[in-house]
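Please look over the sequence and the model shown here before reading the report. The text is meant to be read with both in view.

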Amino acid sequence: MELARRTDIGRVRDLNEDSTGLIVTKSGAVIAIVADGMGGHQAGDVASSKTVETIEQVVSAQPLDISTDEKSDLLLHAVGKANETVYNMAAENNQYKGMGTTVIASIVDTKEVVLAHVGDSRAYMLHNGGLYQLTEDHSYVNLLKKHGQITEEEAANHPQRNMIVRAVGTSEEVEVDLINTPWSQGDTLLLCSDGLTTMVSEREIGLVLSSKTMSLDEKADQLIKMALDAGGTDNISLILLRHTGRSATS
């Protein structure tokens with residue numbers, strides 16, 4: 001497995017409130033996490049970094065040569081623990097009031113990708129030259145779109161397009177989407193914050209990821225550059241994992 005991770009503050013924000021985590025375990029499985037924080041001054045940064053840290057601690061403490069359902073349960077437990085941690089920090093500290101974060105957390109080995117997802121950060125899989133979105137945004141505009149109240153084009157320009165309806169840390173309980181998919185040699189997994197997907201179209205992302213001439217690091221750099229060139233109005237974070245037919249440690 002090949003890995004690449006990037007984060008950039010963008011061209012507009014004063015602070016990078018995104019956090020990422022990338023751990024290769026002894027068994028060769030990978031724990032990959034992207035979180036996009038929100039809240040008052042620095043609170044979003046605290047929410048996202050605390051969430052990544054908590055999930056890393058919970059998941060890496062367990063052996064990962066386990067079944068798909070056990071991986072899902074482990075990620076669900078880890079996100080729940082992160083939610084509890086962030087919620088309690090916000091309740092006990094006025095400057096953190098109302099903070100929260102999106103999260104996309106994954107356990108990846110040579111057989112499958114198992115994901116836990118809250119918010120509007122996304123996971124995509126490039127498979128046989130096609131790019132597939134694995135997650136569904138927990139956002140206000142996505143709800144409107146699903147109910148046929150607005151079009152795809154209207155969603156892209158909606159004044160409340162950044163409003164999410166689910167986040168880690170904003171309430172005592174959090175609803176988590178659990179997703180799993182097999183993957184095979186040549187496939188590429190992308191985890192990213194919306195700082196990439198609001199600036200760069202899925203078609204453009206697919207073209208970069210399916211390039212035969214760029215290395216994985218070059219693809220990661222190119223995606224960040226494209227988001228910045230398009231305006232970079234938000235923090236941009238991404239993790240790329242490419243299935244080489246081997247585990248991350250071999």
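This is a predicted model: local features need pLDDT of at least 70, side-chain atom pairs count only at pLDDT 80 or more; totals for chains, interfaces and linings use all residues.

## The largest nonpolar core

The largest nonpolar core holds 23 residues, and the members that touch the most others are Ile-55, Val-59, Val-79 and Val-103. At least two residues of this core come from each of strand E3 (30-38), helix H1 (43-60), helix H2 (68-92), strand E5 (103-108) and strand E6 (112-118). Among the contributors, H2 gives the most, with five residues. In soluble globular proteins, nonpolar side chains tend to be buried together.

Which residues does Val-79 contact, once its neighbours within four places in sequence are left aside? The partners of Val-79 are Ile-55, Val-103, Ala-116, Val-118, Val-168, Val-174 and Val-176. Apart from this core lies another one, made of 21 residues, including Val-200, Val-208, Ala-227 and Leu-238.

## How H1 and H2 pack

Helices H1 and H2 pack at an angle of about 140°, and their axes are 8 Å apart; the crossing of the two helices is right-handed. On the side of H1, the contact is made by Val-46, Ala-47, Lys-50, Thr-51, Thr-54, Ile-55, Val-58 and Val-59. On the side of H2, the residues that make the contact include Leu-74, Leu-75, His-77, Ala-78, Val-79, Lys-81 and Ala-82, with Thr-85, Val-86 and Met-89 also taking part. Two residues of this contact, Ile-55 and Val-79, are also among those that touch the most other members of the largest nonpolar core.

Strand E5 is mostly covered, since six of its six residues are buried. In a regular strand the side chains alternate between the two faces of the sheet. In E5, both faces are covered: Val-103, Ala-105 and Ile-107 are buried on one side, and Ile-104, Ser-106 and Val-108 are buried on the other.

Five bridges join E3 to E5, and these two strands run antiparallel; within E3 and E5, Val-30 stands opposite Val-108. E5 also pairs with E6 in the antiparallel sense, over six bridges, and Ile-104 stands opposite His-117 in E6. Between E5 and E6 there are three residues, and the two strands form a hairpin.

Five strands form an open sheet with antiparallel pairing, in the order E1-E11-E10-E7-E8. Strand E1 (2-8) and E8 are the edge strands, each pairing on one side only, and the twist averages 15° from one strand to the next. Strands E7 and E8 run antiparallel and are joined by four bridges, with Leu-126 standing opposite Leu-131 in E8.

Two helices lie across strands of this sheet. H6 lies across E7, E8, E10 and E11 and runs at about 125° to E8, while H7 lies across E1, E10 and E11 and runs at about 20° to E1.

## The buried side of H6

Helix H6 (residues 202-209) has four buried residues, namely Ile-205, Gly-206, Val-208 and Leu-209. They lie on the same side of H6 because they cover an arc of only 160° around the axis. The elements against which these buried residues pack are strand E7 (122-127), strand E8 (130-133), strand E10 (188-192), helix H5 (194-197), helix H7 (216-229) and strand E11 (236-242).

Thr-20 lies in strand E2 (residues 18-24). Is Thr-20 buried or exposed? With a relative accessible area of 19%, Thr-20 is buried, because buried means under 20%. Thr-20 and Ser-237 are 217 residues apart in sequence, yet their C-alpha atoms are 7.4 Å apart in space. Leaving aside neighbours within four places in sequence, Thr-20 is in contact with Arg-5, Ile-33, Val-34, Val-52, Ser-237 and Ile-239.

Leu-144 lies in helix H3 (residues 140-146) and is buried, with a relative accessible area of 11%. The C-alpha atoms of Leu-144 and Ala-155 are separated by 8.3 Å, and these residues are eleven apart along the chain. Beyond its neighbours within four places in sequence, Leu-144 is in contact with Gln-149, Ile-150 and His-158.

Definitions and conventions: Residues are numbered from 1 along each chain as its sequence is written. Side-chain values use heavy atoms; hydrogens and water are left out. A nonpolar core is a set of buried Ala, Val, Leu, Ile, Met, Phe, Trp, Tyr and Cys residues joined through side-chain atoms within 4.5 Å. Buried means under 20% relative accessible area, exposed over 50%, partly exposed in between (1.4 Å probe, protein chains only). Contact means heavy atoms within 4.5 Å. The arc is that of the directions from the helix axis to the C-beta atoms. Two strands pair if DSSP finds at least two bridges between them. Axes are lines fitted to C-alpha atoms, for helices over the stretch in contact, and angles run from 0 to 180 degrees between N-to-C directions. A crossing is left-handed if the near helix is turned anticlockwise from the far one by less than a right angle, and right-handed if clockwise.
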